[in-house]
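Work through the following exercises with the sequence and the 3D view at hand. Try each task on your own before reading its solution.

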Amino acid sequence: MGGIVSSAGGKVSSALSAFGSQKSGRDYYRALASDADYQAQAAADAAQRQGTYLFKSAAERSRDLYAGYRQTVSAQKTAMAASGLTNNSSTVQNILKNTRLSALVDQETLRANLNDALYENDKSAAQRIRALNITAGQYRRMAKNSFSPWTVGGTWLSWLNS
């Protein structure tokens, strides 16, 4: 009789140990999924901060370009006035027009570069977030499908009686 109780006790102990490791495995995969979710949110936050930085940087560069344009025009007008040219001459008008055109081209280049940088920032973040969401989903499936001694033999009693 003692052997039967000892044998049954060993099987119950094994079953409880397997249950504990199953719970531990599930907790482990749930923690990994949670971490992947956290990393995905952190990547989204970082992309948003980077986008804000890109906008602020472009705005500052735009202000610098405009200030440089204004200084150039002022210097040109002063130099032309000193040489006796009036604002009504076609030479003065062409010079000022070309300066303005150059400033507009610089602004458009800045705008195009900003759009490219924002696109790359958003695309890179979306890819990283998608990969992390897929990883989190895989970990959740692993947690859900962790080894269960209760289902391998049909019921836990059939497993215990084996």
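Two residues are in contact when heavy atoms of theirs lie within 4.5 Å. This is a predicted model, in which local features need a pLDDT of at least 70 and side-chain atom pairs count only at pLDDT 80 or more, whereas totals for chains, interfaces and linings use all residues. Residues are numbered from 1 along each chain as its sequence is written, and side-chain values use heavy atoms, with hydrogens and water left out.

**Exercise 1.** Decide whether Thr-99 is buried or exposed, and find its contacts away from its neighbours in sequence.

*Solution.* First locate Thr-99, which lies in helix 2, covering residues 90–144. Next recall the cut-offs, which are under 20% relative accessible area for buried, over 50% for exposed, and partly exposed in between, with a 1.4 Å probe and protein chains only. Thr-99 counts as buried because its relative accessibility is 12%. Finally, leaving aside neighbours within four places in sequence, Thr-99 is in contact with Tyr-69, Thr-72, Val-73 and Gln-76. For Tyr-69, which is 30 residues away from Thr-99 along the chain, the C-alpha atoms of the two are separated by 7.5 Å.

**Exercise 2.** Carry out the analysis for Gln-107: is it buried or exposed?

*Solution.* Gln-107 also lies in helix 2. With a relative accessibility of 19%, Gln-107 is therefore classed as buried. Not counting residues up to four places away in sequence, Gln-107 touches Ser-62, Leu-65 and Tyr-66. For the chain as a whole, buried residues make up 22% of the 162 residues.

**Exercise 3.** Which elements have the lowest and the highest mean pLDDT?

*Solution.* Start from the scale: pLDDT is the predictor's confidence in each residue, from 0 to 100. The protein chain averages 82, and 77% of the residues score at least 70. Among the elements, helix 4 (residues 156–160) has the lowest mean pLDDT, 46, while helix 2 has the highest, 94. Over residues 150–162 the pLDDT is below 50, although this stretch has 15 contacts in the model beyond near neighbours in sequence.

Key. Helix = DSSP H or I, 4+ residues; strand = E, 2+ residues; numbered from the N terminus.
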